[in-house]
Each structure stands twice: as structure tokens, then as C-alpha cells.
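Let's read a protein model together, one feature at a time. Have the sequence and the picture open as we go.

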Amino acid sequence: MAYNIRKVGVIGSGTMGGGIAMLLAGVGLPVTLLDIPAKDTLPGAPAVKRNAIVLDNLNKLKKSRIPAIFHPDDVDRVTVGNLDDDLALLSDADWIVEVVVERLDVKQALMAKLDEVRKQGAIISSNTSGLSINAIAEGRSDDFRKHFLGTHFFNPPRHLKLLEIIPGRETDPALVAFMHEFGERTLGKGVVICKDTPNFIANRFISVAGGFATAYAIDHGYTVEEVDSLTGQIVGRPKSGTFRLSDIVGNDVSVHVSQNLYPAIPNDESREILHHEGTARVYQFLLDNKFLGDKTGQGFFKKVEKDGQREFWPLDLKMLEYVPPTKVRFDSVGKVRKIEDTGARIKALINETDRAAQYVWHVHAFYLAYASRRVGEIADDLVSIDNANKWGFAHELGPFEVWDAIGVRETTARMEADGYQVATWVHEMLAQGCETFYRRHPSGIVTGVYDPAKKAYVPLLADPHVISVKNLRGMNKEVEKNAGASLHDLGDGVALLEFHTKANALDEDVFKMFDRAFVRLESDFDALVIGNQGDYFSAGANLFVMAMAIQAGDFAAIEQMIRAGQELGIRLRYFPKPIVAAPFNMAVGGGCEFTMASQRVVAHAELYIGLVEMGVGVIPAFGGCKEMVRRVVNPVMQVQYAEVLPPLQKVFEQIALAKVSTSAMEARAMGILGPNDRIVMNKDHLIAEAKRTAMDMVASGYTGIPRTKVYAAGKEAKAALTMGVYGLEHGNYATAHEAKIARKLAHILCGGDLSAPTWVDEQYFLDLEREAFLSLTGEAKTLERIQFMLMNNKPLRN
């Protein structure tokens with residue numbers, strides 16, 4: 001049968017269930033969210049009381065420190081209810097997701113009820129993190145079992161990439177394929193198909209390999225801070241490391257998972273690590289004192305106020321007391337820190353000899369050997385194990401990718417010499433002369449992977465939805481390059497302009513590459529995509545260069561830079577061939593301005609974009625002020641008798657408060673993204689989708705757009721905005737310098753001191769931006785702000 005998902009039911013409204021519901025609502029699906037009825041309420045009680053649990057959980061999601069909701073309007077797609085009164089609301093759902101307590105009896109009882117109310121062919125899934133999928137579906141109807149599977153999201157569901165799909169014995173293979181596609185394309189997830197084994201793939205590794213990292217630290221006298229520094233960014237993992245991660249997840253959750261896993265894996269030769277005496281002693285201390293981590297405000301770390309400063313004191317794993325923080329330094333780490341390639345950095349580190357190198361070696365030796373022994377049990381292929389570890393925990397490399405990087409043959413011998421058993425199939429692979437798990441083209445592009453069952457390499461087919469910039473280089477598709485940017489040939493007449501400065505800041509080299517891109521567009525290409533695959537799309541203008549020019553009094557150079565940025569923005573907007581920006585993650589300041597200047601935008605859903613120049617004491621001057629007025633104020637004022645202050649106030653507040661979107665959906669509501677711009681859920685697909693949009697524009701005969709005018713509201717509107725600034729300053733909500741910047745911003749947004757509202761050329765606004773920016777760079781307090789940002793990576797209020 002053909003599968004479609006148009007309406008979803010979610011059962012369980014806690015952090016995970018509510019997060020899944022809001023993810024689904026965020027992609028436009030109507031969702032019914034059910035939970036148990038509130039205690040001491042009876043059927044017929046007012047819905048607000050009867051459904052208090054689900055309503056309270058939704059409110060918590062709205063206030064979550066890590067945004068769980070793409071846009072506030074998403075909540076309107078969610079219908080709430082309770083399991084006693086409203087189960088029938090699920091009768092027309094195409095997909096029902098169970099996210100209740102991790103108890104087999106509870107899940108089985110719920111599935112029996114769902115079997116009665118679901119429509120024929122409706123998809124049913126469990127978000128269990130480790131219970132048997134086949135056991136949960138035991139006793140259900142044939143149609144139920146055919147349409148039942150595990151869909152294991154990771155918390156928080158909006159942000160973590162991994163989705164483990166676990167088919168049951170009778171699950172329709174067509175359904176598995178559909179859910180794989182739906183998870184990847186619609187929800188933006190990295191999907192891994194798992195076997196129905198305890199804790200599946202990712203949680204099996206984090207429990208056992210993570211348990212070893214903790215146990216080894218306790219046995220060998222490493223501190224909490226040392227371990228987190230050695231299991232974080234230095235080895236290509238998040239800076240949370242090991243113990244900070246446990247605090248984030250919840251120390252009670254870590255204990256619960258380990259306790260449940262131990263009896264479920266009697267044949268796992270490493271399961272005793274889950275009952276390590278030293279680890280158990282530490283966690284029992286934490287649980288006895290309710291030091292559960294972030295949710296209780298204390299765990300392996302404790303916040304301490306000292307001399308007016310907040311410090312995070314780590315737990316001494318031997319004394320079980322909190323101790324003052326120390327600066328962790330290791331000679332070996334200092335030697336390898338600047339090695340850019342993560343695999344090469346790990347290889348260099350494990351070949352050092354100090355305590356840090358020993359710890360990293362033993363943790364990796366256990367981890368990689370354990371991965372080899374799980375092949376065939378939890379997954380048949382190496383790629384699934386690698387992807388589950390990367391996508392589930394934001395690791396740069398999976399275990400087999402790490403092993404390739406550090407050398408399989410030499411480290412296999414070292415592992416076994418140190419007591420870490422490597423699976424027989426690895427020895428067989430090496431005996432065949434296969435030196436790596438992945439086969440690579442001389443360019444570095446992965447073309448195949450070793451299959452232990454076939455005892456040979458099998459091809460890895462390229463995903464047509466994914467374009468890798470790294471692979472473009474390997475295929476010699478880089479047609480222009482300088483220190484700050486590159487131009488690549490994406491094929492089909494489309495070029496890619498990639499920034500590769502620090503934080504992808506915009507500097508002279510980036511501007512030069514834009515010039516080269518325009519030249520090549522005239523002769524060699526039909527369209528341009530602006531994008532990259534770094535950590536950020538762009539952090540804006542290079543502040544260091546700006547600070548140096550200010551200190552040197554070289555205001556002519558600053559003016560030249562601003563003119564160049566403004567001219568580039570106009571050229572991007574009106575160029576007669578398609579130009580598509582593909583922003584993601586951070587796109588602030590100039591990164592935001594050049595995004596808005598592009599003719600179309602294809603944005604990743606996780607887009608944190610805004611005009612933040614106020615934080616460094618200036619105003620947007622690459623056309624950002626002009627563009628926000630054009631996007632937000634113009635449409636309103638094209639209607640006769642419209643009131644200008646509401647849209648003008650919106651623009652003023654966004655820029656004056658340096659507001660940054662929490663998603664691409666919010667960016668659209670802010671006016672930064674337009675109605676014709678697209679939002680892509682899967683970041684891996686972003687450049688390919690931007691290319692597709694560019695090609696569609698070419699196919700439709702795009703030849704550019706006519707010049708537009710911008711609404712200048714004049715001095716009366718300016719007076720209204722500056723009156724608000726006066727109130728903020730004298731109410732001590734804004735400093736004198738902030739008020740000065742805000743008054744200049746009001747002057748620009750209103751078109752200066754025009755005696756009456758009028759429509760003006762874009763250049764008029766650009767001139768106002770440039771004049772204000774130059775005057776502010778002459779202020780000592782602006783230089784202080786820029787220097788503080790460079791040193792501390794946060795704004796100064798002065």
C-alpha cells in the first residue's frame with residue numbers, strides 16, 4: 001500500500017513526547033497530543049483541569065531554554081486531550097507515536113487499546129529507548145503488527161539528528177522504506193535502521209562505552225574536569241564530554257538505562273562494566289542526594305557564587321565532595337590541539353605518552369574493539385554503527401572512521417596487547433590485505449565499505465540529495481580560490497561560493513571572491529549558490545580588521561569597506577542571473593544582510609539569523625536597515641491609509657535589541673525570510689536544494705527584477721521612535737551610548753528628517769546607513785564594545 005502521513009497522534013506529553021509533537025507540528029502536521037488525566041479529576045470536569053498535565057507540559061516547552069518550538073503558531077496545530085476521554089481522537093490518525101514510561105506492561109496495555117481505535121493501515125510506533133519492539137506488539141492484530149515499528153528519537157527531538165527505526169518481525173518492508181524517507185526528508189533526521197536488540201545502537205554504545213570511560217577514570221585517578229576535556233572537542237565530540245553530558249541527560253536516567261540493560265544483554269562480554277563498583281558508588285551518592293544534573297541544578301558539577309562570580313565546581317570522584325575548578329593542561333593536548341583534521345589529531349594524541357594520551361588511548365581502544373564485536377548483533381553494516389554514534393551524540397567521526405584514521409593494522413595489535421579483544425572479522429579483513437574499513441578514492445572520497453558477511457568491499461552509493469563541499473574539492477570542482485573563499489562548480493551550470501574564514505567572517509578575500517563569481521557568472525555559469533558546510537553560515541564582518549582600522553584612525557578604509565558591502569548587496573539583489581543563499585546555524589550581521597540581499601533563500605530550519613550590530617556599538621550598514629524597511633514597512637504602506645508606526649516599530653526593536661531568530665520559521669515572521677524563500681529540514685540536503693531552486697529559476701527564464709523604492713516615514717515617525725528611546729534611557733533600561741546608537745537607527749529607518757513621508761531610492765537609505773556607521777566608529781565606547789566582543793565573545797553594555 002501507499003503510505004501518507006497527514007495527521008499524527010502522540011501519546012505522552014513529557015519532554016520527549018511533547019518535543020516530538022512540536023517537531024511534527026513544526027513541519028505543518030496537525031497533531032493530537034494525549035496524556036493521562038489530571039489526578040483527582042473525573043470525566044466531565046472542565047477540559048482545562050482534566051487535561052492539566054498535557055497543558056502544563058506544553059507550557060514548559062514554550063519556555064524551554066533550548067527552543068523546542070519553531071514558531072509560536074505551531075502550538076495551534078496541536079489538539080490536546082487525555083487517554084481516558086479522548087482516545088477516539090486518534091481514530092483518523094495516519095501515524096500514532098507512543099512515548100510513555102519505559103515499562104513493557106504499560107506499553108503492551110496501551111497497544112491493546114490502540115489496536116481497538118486505530119484505522120486499518122494506520123502506522124503505530126513506539127519511542128522506546130531499548131525495550132523489544134516485538135515484545136511490545138505481542139498479541140496484537142495482524143494489521144497492527146504489519147504497521148508497527150520502533151521510532152526512537154533523541155532528546156531534544158527538534159535538535160538531535162538521529163532517528164533509529166526498528167522494524168518488528170512482521171513490519172511491512174514498504175513501511176520501513178517510507179518511514180526512512182519521511183524521517184530524512186520531512187523531519188530532517190539522520191535515519192538508521194536497527195535490529196531489535198536491547199538499547200538498539202546509540203544507547204547501547206553510550207551505556208557500555210560511556211560506562212568504560214567513567215570506570216577507567218575512577219580506577220586511574222582522573223578528575224571530572226580532566227575526563228571532560230579529553231572526551232570533548234579535542235577528540236571531535238561536543239565540549240560536554242562525559243560527566244557534563246551525564247548531567248544534561250540526567251544522572252538518574254543514566255543509572256536507569258544501565259540497570260535495565262545489564263540483564264538484557266547476558267551474552268555481551270563487556271556488560272560487567274555496567275556494574276562497576278566505583279561507578280556505582282559515585283552514582284549512588286548523586287541519587288541519594290538528588291544531585292541528578294541540570295534538572296535539579298547539581299550533579300557532577302555544582303554552581304557556586306564566589307566573589308560575585310559564578311563558578312562550576314566539579315565533584316571529586318574519590319572524596320565525593322565538590323572542589324574548586326582548576327585549569328586542565330596536558331603537554332600532549334597542547335602539542336596536537338592545532339591539528340585541524342580530527343582523525344589525525346586523535347592519532348597524534350594516542351601516540352603521546354602522558355596521562356592524557358593514555359586515557360584517550362584506552363577509551364578509544366575499548367570503544368573501537370567493542371564496535372567490532374557488535375557487528376552482526378545490533379547492525380549488519382559498519383555505516384549504521386558509525387552514523388548512529390555520530391548523529392546520536394554529535395560526534396565528528398564514528399568508531400570505524402576513527403579506526404581508519406588512526407591505522408587499523410597497527411592499533412589492532414596494540415589493542416589486543418592491552419587486553420581489548422578485536423572481532424575475528426577484523427583480523428580476516430586485514431589478512432585479505434584490506435587495510436581500512438572504508439575504501440577511498442585517491443581524492444579522499446569514500447566509495448565503498450567493508451562488509452564482514454561478504455568478506456569484501458561493497459559500493460557506497462552517493463545520496464542524490466547530498467552535495468559535499470569536501471568531495472567537490474576531491475573531484476577538482478574548485479574553480480577559484482583565495483585565503484577566504486572558494487568558487488566551486490556544482491554542475492548543471494550552477495556555481496557555489498563558499499566562505500572558509502574563521503567563523504566565516506566577511507573580509508576582503510570574501511569580497512574579492514564575490515567579484516570573481518560575478519565575472520564567472522557572466523561567462524561560465526547560469527546561477528550562483530552562496531553556502532558552505534562550516535560551523536556557521538557567517539558571523540558577519542571581520543571585527544578584528546574593523547578594530548585595527550579604528551585604532552589606526554583609518555576611517556577612509558572603513559568607509560571603503562562599507563561602500564563595498566553596500567554595492568555588493570545591490571549587485572546580489574539585481575544581478576540578471578539567479579543568486580540563492582543557503583544559510584544555516586548562525587547568520588548574523590553581514591551574514592544576515594547578504595542573505596537578505598540574495599534573490600532567493602533556501603534556509604535550514606535551524607537558522608539563528610539577525611542584525612546584531614548594536615552589540616558592537618554600530619548599526620547595520622551593508623543594507624540591512626534599508627532591507628528591513630523594504631521588507632516589513634513597504635508592504636504595509638502600499639495599502640492606502642495604513643499606519644506606519646507598527647511595522648516601523650517592529651523593525652526598530654528587532655535591530656535595536658539585536659534580535660536573533662530561534663528558527664528559520666521565526667526568521668520568516670521577522671521579515672528576514674520572504675514568502676518565496678524555502679525552509680529545508682535536513683541540513684545535509686541544503687546545498688542540493690539551493691542548487692535545485694537556482695536551476696528552477698533558470699528554467700523559468702529568470703532575468704532579474706526591477707529596482708524598487710523604499711518608504712521613508714519622515715520626521716514625525718522619527719520623533720515617535722526617539723521619544724521611546726528617551727524613555728528607555730531615563731528609565732535606566734538603556735545606557736547613554738545605546739541611546740545614541742538607537743537615535744541614529746531611528747534616523748535611518750525613518751529616512752532622516754524629511755518633512756513628509758515619501759518613497760525614495762535605495763541609495764538614499766544606504767547613504768544614511770554609511771554616515772551613521774562611520775560616525776559611530778569614531779566613538780570610544782564603540783571601540784570598547786568591539787574589543788570586548790573579540791576578547792570575550794559576548795557583548796559589552798557600556
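Q: How are helices and strands named here?
A: Helices (H or I, at least four residues) and strands (E, at least two) are DSSP runs, numbered from the N terminus. For example, Gly 624 belongs to helix 25, which covers residues 624–637. Residues themselves are numbered from 1 along each chain as its sequence is written. This is a predicted model: local features need pLDDT of at least 70, side-chain atom pairs count only at pLDDT 80 or more, totals for chains, interfaces and linings use all residues, and side-chain values use heavy atoms, with hydrogens and water left out.

Q: Is Gly 624 buried or exposed?
A: Here is the general idea: buried means under 20% relative accessible area, exposed over 50%, and partly exposed in between (1.4 Å probe, protein chains only). Gly 624 has 0% relative accessibility, so it counts as buried.

Q: Which residues is Gly 624 in contact with, leaving aside its neighbours within four places in sequence?
A: Contact means heavy atoms within 4.5 Å. By that rule, and with those neighbours left aside, Gly 624 is in contact with Glu 593, Met 596, Leu 611 and Glu 769. For another kind of distance, take Val 192: it sits 432 residues from Gly 624 along the chain, and the C-alpha atoms of the two are separated by 42 Å.

Q: What can I look for at the two ends of helix 22?
A: At its start, a side-chain oxygen of Asn 542 comes to within 3.1 Å of the backbone nitrogen of Phe 544. Just after helix 22, Gly 553 has a positive phi of about 70°.

Q: Which residues other than glycine take a positive phi?
A: Ala 503 is one of them, with phi near 60°. Ala 503 is in the loop between strand 17 (494–499) and helix 21 (508–523), and it is partly exposed at 31% relative accessible area. Asn 585 is another non-glycine residue with a positive phi, near 45°. Asn 585 lies in strand 20, residues 585–588, and is partly exposed, with a relative accessible area of 27%.

Q: What is the peptide bond from Asn 155 to Pro 156 like, cis or trans?
A: That bond is cis, with omega near 0°. You will find Pro 156 in the loop between strand 6 (148–153) and strand 7 (162–167).

Q: How do I read polar contacts?
A: A polar contact is a pair of N or O atoms within 3.5 Å; within protein, one must be able to donate a hydrogen and the other to accept it, and residues adjacent in sequence count only if both atoms are side-chain atoms. Ser 246 is buried, with a relative accessible area of 6%.

Q: Which side chain makes a polar contact with the side chain of His 276?
A: The side chain of Asp 219 does, at 3.0 Å. His 276 is in the loop between helix 11 (251–264) and helix 12 (277–288), and at 15% relative accessibility it counts as buried.

Q: How do helix 29 and helix 30 lie against each other?
A: Axes are lines fitted to C-alpha atoms, for helices over the stretch in contact, and angles run from 0 to 180 degrees between N-to-C directions. The axes of helix 29 (residues 715–730) and helix 30 (residues 736–749) come within 9 Å and cross at roughly 170°. The two helices are therefore roughly antiparallel, a word used for angles over 145 degrees.

Key:
Angles under 35 degrees count as roughly parallel, over 145 as roughly antiparallel, 65 to 115 as roughly perpendicular and the rest as oblique.
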